[in-house]
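Below is a short report on one protein chain, arranged from overall figures to individual residues. The sequence and structure come first.

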Amino acid sequence: MADAEVAKKMLRGILQSNKGGVSLSHLQSEYKELTGEHIPHKQMGHSNLDALLASMPSLVRMERSRSGEVCADVLHITKVVARQRTSKKTGRPHLVNTQMRVKPAAPLVLNAKPQNSLRQPNHRGRGGGRGGDLRDGPSEGKTGGHPNKMSSQNTSNRKGNQPPDKRMTLPSRFQKEVHAHLSRNSQQTAPPSNLNESFGSGKAKPYNPQLVQGHIREILAKYSNGFWVSKLPQMYRELYKQDLPTEAIKDLETWTHICIVEKTCSSNPSERLLYPAKEQTNTSSSSSPPSSPATLSPDLKQKLEELLVKYSSGLWAHALPKLFQDTYKTKLPGHVLVSLDLLSDICTIDYPMPDNPKRAILYRRSSTGGGGGEDENCNRRNSSASEEELRVRKELGRRLSNQAVPPLQIPKEEYPSVLVVEATNTNGVLLRYIGEGYSQAQESMEDEMREFYGLDQSSPTPVSSLSSGQLVAVRAEEEEEILRAQVCEVMTDKVKVYYVDHGFSEVISKNKVFELHEKFFKLSFQAAKCKLAGLETFCQDPAVLKKFETMASGKILLAEILERGQTPLVVLYDTSQDDDININAACMKALHDKSLASPLQVNSAYMNVAISSVCSDGTIYCQPPSRGLTKMNETLEKIETYFHSQVTSEFLVSRPFCGKRCLARYKGKWFRVEITNLHGSRVLDILFIDVGVQASVEVFELREIPPPFLRDLMAIPPQAVKCCLADLAVSVGSWTPDAVQWLRDKVLNTTDCSMKVAKVDEKKRCIHVHLFTDKNFHDPDRSLNRQMAQSELLKQQPDVFLTSHRISTPTSSTKTSSASNSTNGSPTSANVPVKPHLRRALSGPKGSGGGGNTTTTPSSPTETPSSPTSSLQLPPPLELPTIGNNMDVYVSLACHPGHFVLQPWGDMYRLVVLMGEMILYYNKTEEKPLNVEKNQIYAAKVENSWHRVLVKGVLNSGLVSVYELDYGKHELVSCTQLRPLIKEFRQLPFQGITAQLAGVKQRQWSEEASIVFRHHVEKKPMVAQLEAVQEATTPWERKLTVFLVDTSQEEKDTWVHDIMAEFADELTNEL
């Protein structure tokens, strides 16, 4: 708990729950009640609590009154400053000073794929201390170990890629910014097993026979003439980046359908020959399998591969039948799912849930495309430039090969800051990257150029001979700056140049052009281009460009890179305001035809209104008659017919992003949706924009809008109008369950509702209405408002808070298909949530939005934490290697060397899969009264994701302090965000395990030392050498003592305890 950010989060929660301020003594006691510890002001470098709070002006305002009260907090922002030059002003640049929220490091690896094991370090021995120098050469590690290098093939995926941190020690005031902008790019996938499992105590570890058999079948297909069994472990490791389980070698002889083991005269059991099973060579291509065929037909295999190409982040095997049927209008042969190893030559198969062998994920084999090829970082100015500029650049490549400028590398941050220069086409938005190595390096170079070319001295001699494509130094027209430029066209006494770092052209006098010194060739050209995702078809639409010019040009924004390539595909966000603004989505809305909207006016009455949903907070979504609604229904009917006639996979959504408009099924029909949040690469949140329903779905349930209908649908504004009942004593958000159900029963099955508009709340985007179930809107006594006000429905519990309820859209899963396909308008199929919220990919929700306490009913959890309910047990503890052996880990949280949290690197992708399943399950279940008890296990919703948590304390305000059992973080959540943790989600061991660093003397670490430690280990894959295990009765109380080793560089091992010991020595010497 000594981590500064965790402490700040706890303090913020306490302050928010005490709106009028809180005394220092009460603050200290409430903090201890929540966390079990005192506020760690000494560990954070302050002699007393007052000094700590005074150092947090962005969080706490102190009033030095008699009571010593502390109150309020303010939003943490960071300033980003960059020079900007445009074609309108080329001289001294003006500063763009943007205050923006930075993107916090992603809490999980979002793209759930099995990942390579880490390269193992040179064995150092237990208690090795600071002895020999192990940095003088490559470490041997285990035979066949693979370097811990981050693969580039997954860099196109959103939200999970974080580049390696820069090794530097920064003052604590920069810690949060560094945390956000220098978060690491841990690989998106996790290794199937720890490299050191075979070095255990000799006890056989269970493995997945189906997976291993599939891999061995693939190896045998390559070596059909057979090979020595002794060579199999090495071949297996080289191909699959993991060790072959020792038990599998013993089981080879029993796998007669896979291989033939031939013994030799040698007594050594490993001196045996391995051949493919004879049945593999006699394949039958019959389309109807009498029993399981040995191979798939080429046509079937090609179709399956097409589907896997669309889902590079993996596809659940259980989704194949429906997806295959929808795409190719034919049934998937049943034997495919029975014998998944038949797919082993086109995909790898993984079983992330060991307790459920029927749940498998298929990954397309050896995919190197998707923008992750060799040119993924070559971000030079692209083909959207003028033909003249393209010709010049080609010529430049020929003429200046000996003075080549390195290509611009796309920043590895997940959300780099960019300065938007201009856009005449959204497929070629001109921008510059902001930060170290980019704008800072450019500004430093230009300062050096100004000094080198002597603006304050006699001017250098202009270039006597100019040619197209030549790189030169140019004095800007206003005589103040020297800039790098490229000659585009040579005239009599003038020359047209292109400023390669600023992205615009200018005609200037020849006497302002000078030879560019070779030292100014080292920095890449800084003017880059990107493509805005979702606007490709409308890249030159005047309304789109005008909107973009207004919202983005000349501003510093965050860029989410979806696809890395010569011209990156991005989504831009403006985070300088209270709410994050998705620039791409805002530009899409500029395409709306306002004449197709539903303009509701005060005191006007409307008949034939359809109520599409009633949320459990009392919000209503309705569809008044309009031209837009008629046109939308007609277009969607045409799309239904169109999809039935198409046999292609081109409409599958393979690259989802926040703000994207596409299609999903609701009550058996295709409706328009907008993606509002992503939970990894397979699970996402959507909003049915014409119905007002939110849902969590898997990506394979989405479809692209067919091109023939795209422009028509994009022109139609959302047809769901957000309303609430006017003149009620109880506001939205305080409705009882009985009142919500009564209203649903009244309106959801009625087709001829009427309503009269009482007020339009522009700020909340909500219409206050009087609602009628018939056409008698002239009689106020017949309104549902009056009926509800006269009833006792709203008087039960006026302060109850109910969260918005979600539904699940139809999937291939049998547990939801029957309910969601119903079209009878039953309340259960339309109880929907939703307050449509803005994209929360950057900042998450703005709190639970409710007040008061939930109603509770007695429950019977036992007192022991190991048995939170009478029937459910805790998952098994994490398996650890024996003392002295290594384990591959990911450091999810680092407070200081005495407290950090490890996750097993090999099971990280399993955790991502589990969290995705939890989102799909809990987001479709309605809140029920729950008796929240301390030291019990629950599922908790934290910033749009569901986590497995331990309750540490409960505040009177309804907030609950929870400990994330898989990540080791403390959070504050509303008690309404807790759910029982069902048995299915108790199978995977809790992934977070606390640890302390071996090889150093434990002490009260200073904030400076903690920062150094964090920058070397947090959010990074490491190798941990186990020194000691402190066992406990519960998994979350176990604590390890480990050496941490960074093996990401092939030529050296970095032992973290050496760094910390050296740092401590330096501090001692300074004192």
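## Overall figures

The accessible surface of the chain is about 45200 Å², and carbon and sulfur atoms hold 49% of that area. The coordinates are those of a predicted model. Of the 1071 residues in the chain, 57% count as buried.

The secondary structure comprises 24 helices and 44 strands. Among contacts with a separation of 6 or more, 70% are between residues 24 or more positions apart.

Five strands form an open sheet in the order 19-18-17-16-20, and their pairing is antiparallel. Strand 19 (504–509) and strand 20 (513–515) are the edge strands; each has a single partner strand, so one side of each is without a neighbour in the sheet. From one strand to the next, the twist averages 50 degrees.

Phe-514 in strand 20 is the bridge partner of Ala-473. Helix 13 (residues 439–452) packs on the sheet and touches strand 16 and strand 17 (482–490). The direction of helix 13 makes about 85 degrees with that of strand 17.

## Packing of helix 5 and helix 6

Two packed helices are described by the angle between their axes and the distance between the axes. For helix 5 (residues 209–222) and helix 6 (residues 232–240), the angle is about 100 degrees and the axes are 11 Å apart. Helix 5 is therefore roughly perpendicular to helix 6, as angles of 65 to 115 degrees are counted in that class.

Helix 5 contributes Val-212, His-215, Ile-216, Glu-218, Ile-219 and Lys-222 to the contact, and helix 6 contributes Leu-232, Met-235, Tyr-236, Leu-239 and Tyr-240. By class, the contact of helix 5 with helix 6 has eight nonpolar, one polar and two charged residues.

Strand 27 (residues 661–666) has six of its six residues buried, so the strand is largely enclosed by the rest of the structure. Arg-661, Leu-663 and Arg-665 point one way from strand 27, while Cys-662, Ala-664 and Tyr-666 point the other way; all are buried.

Strand 27 pairs with strand 28 (residues 669–679) in the antiparallel sense over six bridges. One of the bridge pairs joins Tyr-666 to Lys-669 of strand 28. The hairpin of the two strands has two residues between them, and Lys-667 there takes a positive phi near 55 degrees.

## Positive phi in two further loops

Most residues other than glycine have a negative phi. Arg-765 has a positive phi, near 55 degrees. Arg-765 sits in the loop between strand 32 (753–761) and strand 33 (766–772). The relative accessible area of Arg-765 is 67%, so this residue counts as exposed, the cut-off being over 50%.

Glu-943 also has a positive phi, near 50 degrees. The loop that holds Glu-943 runs between strand 36 (937–942) and strand 37 (945–954). With a relative accessible area of 53%, Glu-943 is exposed.

Terms used: Residues numbered from 1 in each chain as written. Predicted model: local features only at pLDDT ≥ 70, side-chain atom pairs only at ≥ 80, totals over all residues. Heavy atoms only, no water. Pairing = 2+ DSSP bridges. Helix = DSSP H or I, 4+ residues; strand = E, 2+ residues; numbered from the N terminus. Axes fitted to C-alpha atoms, helices over the stretch in contact; angles between N-to-C directions. Contact = heavy atoms within 4.5 Å. Parallel < 35°, antiparallel > 145°, perpendicular 65-115°, else oblique. Nonpolar A, V, L, I, M, F, W, Y, C, P; charged D, E, K, R; others polar. Buried < 20%, exposed > 50% of the residue type's maximum accessible area, 1.4 Å probe, protein only. Areas by Shrake-Rupley, 256 points an atom, 1.4 Å probe, with all protein chains shown as cover.
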